[in-house]
Amino acid sequence: MRFAEEFVVVPKGVGAGEPFKLRDWQVEIVKGLFPEKNRPRTGLVSLPRGNGKTTLAATIALYELFASGTLSPQVMVVAGTEQVARHTLKIASRMIELSPMLAERAHLLQASIKVPHTGGELVTAASTVAALQGFDPSLLIVDELHTVTRDDWEAATSVAGKRPQSLTLAISTPSDSDESVMWDLIQYGRKGKDKSFYLREFAAPDGCDIHDQDAWAEANPALGDFLTADGLTSVASTMREAAFRRYRLGQWVGSEDSWLPFGVWDARKSDRRLQPGEKIVLGFDGSASGDSTALVACTLDGHVQPIKIWANPRIPGWRVPRGQVTAAVDDAFSRFNVVELAADPWGWRSEIEDWAKRHGARKVVEYNTGYRNRMGPATDRLYAAVVDQTMTHDGNPMLSLHVSQTVATQTAVGAIVHKDKRNSPRKIDAAVAAIVAFDRAAWHTKKMKGRVAAW
Ligand SMILES: Nc1ncnc2c1ncn2[C@@H]1O[C@H](COP(=O)(O)OP(=O)(O)OP(=O)(O)O)[C@@H](O)[C@H]1O
Ligand SMILES: [Mg+2]
């Protein structure tokens with residue numbers, strides 16, 4: 001705190017040119033990150049836009065470089081893209097330029113800062129495995145964690161922690177997806193069991209009115225200070241509600257057009273697994289190369305579990321191994337009591353004919369997922385079961401990812417699901433196969449119940 005006030009100058013915006021005086025809530029964060037003893041190894045701070053996240057991170061970076069006493073401090077800033085990471089570097093460089101005491105002790109380079117008397121350096125990188133090779137940071141800063149993938153987070157954190165004392169500090173607004181590394185970490189931190197993990201969230205109360213100024217103040221500690229209220233007022237009426245809640249109120253609400261409400265799919269996860277010989281319906285959505293191919297099972301009482309999902313590993317020229325798909329279909333028929341396999345025929349007609357020959361034409365049926373009058377009600381059926389908590393699934397990560405990437409358009413016949421955009425790498429095929437399997441399983445259940453009633 002003393003370092004900031006004595007050597008750091010606010011580089012721009014409100015208070016520009018004045019000494020950087022940490023606010024009480026910033027002091028609280030800093031104390032949480034640097035307690036007298038038992039220092040956390042990981043810190044996560046969730047803050048809405050404009051509350052000085054990047055500026056605070058840059059200040060902590062300078063402290064590490066100049067004054068922490070760490071031998072040869074290495075600060076590494078990573079983000080979803082190197083451009084975002086460079087932003088922190090720029091702010092740190094600007095702070096040094098504005099402070100004669102720091103400026104005479106540092107070399108400001110295009111892509112790094114060097115501090116000879118401590119042997120320190122600050123570097124930036126995109127958070128990919130290749131870019132991170134050979135680093136040994138004492139402080140790893142991840143700006144806007146919500147843009148970082150799980151793989152990249154693992155790559156970044158695997159280089160940190162080599163020293164006996166090092167800190168990984170992630171600072172971000174919430175993500176729009178419950179299939180994000182940030183959401184994983186928030187849930188982990190909220191449990192509060194790991195003393196080496198520091199979490200501080202600033203958010204408005206769940207379900208608050210978006211025009212409620214008290215809620216704004218709760219989420220935005222800098223409001224009325226270096227964050228002005230009129231900026232918020234103008235976007236409150238023009239921004240889409242989900243985006244406003246996420247970016248400006250720090251709430252976890254999912255994206256504006258995602259098919260399911262935030263967190264409801266996760267909540268339906270169960271330990272149940274398909275039993276040999278169990279009655280199931282299979283849903284199939286196939287592709288040739290671009291999208292994924294999915295074979296998903298649903299029991300007659302609404303438990304969803306993928307049999308297998310084939311995803312393009314992003315290798316050019318990759319084709320779905322059609323032989324393997326047929327083998328998986330045959331295997332499912334041998335292990336379970338398959339009541340029906342409902343398959344989207346697009347690009348797979350000859351295989352479907354072949355499966356029908358082997359497993360019975362009455363059991364292998366075509367299900368056109370492009371036919372709205374059928375798909376709309378089917379999609380609403382699974383939606384209702386998830387929200388009403390009358391279905392379960394096995395927590396398969398790929399299916400959960402596809403469900404979270406599924407976007408919906410509401411129509412008169414029900415929700416029509418699609419990818420966020422054409423040719424998007426965010427696949428949804430397993431979700432489509434789950435909708436089909438669930439729809440047909442519900443149909444068979446109803447048919448059987450009818451029969452029971454007739455007796
Ligand atoms: N005590 C302070 N802490 C942080 N920033 C301050 C402080 N006082 C003034 N400021 C100014 O407030 C602004 C904060 O912007 P900054 O980019 O750090 O916020 P952010 O939360 O990273 O925003 P974004 O979500 O857009 O990335 C900067 O212009 C900074 O100079
Ligand atoms: Mg920022």
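A: Asp354 counts as partly exposed in this predicted model, because its relative accessibility is 29%. Its side chain meets that of Arg358 in a salt bridge, with 2.7 Å from N to O. Both residues belong to helix α14 (residues 349-359), and because they are 4 residues apart they are separated by about one helical turn. Arg358 is also partly exposed, with a relative accessible area of 42%. Elsewhere, Arg150, Glu179 and Asp184 are joined into one network by salt bridges that share partners.

The count for the structure comes to 23 salt bridges. One of them pairs Asp301 with Arg272, whose closest N and O atoms are 3.0 Å apart. This pair links distant parts of the chain, 29 residues apart: Asp301 is in the loop between β10 (293-299) and β11 (303-310), and Arg272 is in the loop between α12 (264-267) and β9 (279-285). Asp301 is exposed, at 51% relative accessible area, whereas Arg272 is partly exposed, at 28%.

Another salt bridge joins Lys419 to Asp291, again with 3.0 Å between the closest N and O atoms. Lys419 lies in the loop between β16 (414-418) and α17 (429-454) and Asp291 in the loop between β9 and β10, so the pair ties together parts 128 residues apart in sequence. Lys419 counts as buried, at 17% relative accessibility, and Asp291 is partly exposed, at 23%.

Lys53, in helix α3 (residues 53-66), is buried yet has no salt bridge. The nearest side chain of opposite charge, Glu144, is 4.1 Å away; a salt bridge needs the nitrogen within 4 Å of a carboxyl oxygen. A polar atom of the Lys53 side chain does lie 3.1 Å from the backbone oxygen of Pro48.

Turning to the rings, a search of the whole structure finds 14 aromatic pairs. Trp25 and Phe202 have ring centres 5.7 Å apart and planes at 75°, so this pair is edge-to-face. Trp25 is in helix α2 (residues 24-33) and Phe202 in the loop between β8 (197-201) and α9 (213-219), 177 residues apart. Both Trp25 and Phe202 are buried. Phe34 and Tyr63 also pair edge-to-face, because their planes are at 75°, with centres 6.1 Å apart. Phe34 is partly exposed, at 22% relative accessibility, and Tyr63 is partly exposed, at 28%. Together with Phe3 and Phe7, Phe34 and Tyr63 form one aromatic cluster.

Charges also meet rings: the charged end of Arg322 sits over the ring of Trp348, 4.2 Å from its centre, and Arg374 lies over the face of Tyr367, 4.0 Å from the ring centre.

How values were computed:
Residues are numbered from 1 along each chain as its sequence is written. Chains are lettered from A and ligands numbered from 1 in the order in which they are written. This is a predicted model: local features need pLDDT of at least 70, side-chain atom pairs count only at pLDDT 80 or more; totals for chains, interfaces and linings use all residues. Side-chain values use heavy atoms; hydrogens and water are left out. Helices (H or I, at least four residues) and strands (E, at least two) are DSSP runs, numbered from the N terminus. Buried means under 20% relative accessible area, exposed over 50%, partly exposed in between (1.4 Å probe, protein chains only). Lys and Arg count as positive and Asp and Glu as negative; His and the chain ends are not counted. A polar contact is a pair of N or O atoms within 3.5 Å; within protein, one must be able to donate a hydrogen and the other to accept it, and residues adjacent in sequence count only if both atoms are side-chain atoms. Rings of Phe, Tyr and Trp (its six-membered ring) pair if their centres lie within 6.5 Å; planes under 30 degrees apart count as stacked, over 60 as edge-to-face and the rest as tilted. A charge sits over a ring if NZ of Lys or CZ of Arg is within 6 Å of the ring centre and within 35 degrees of the ring normal.
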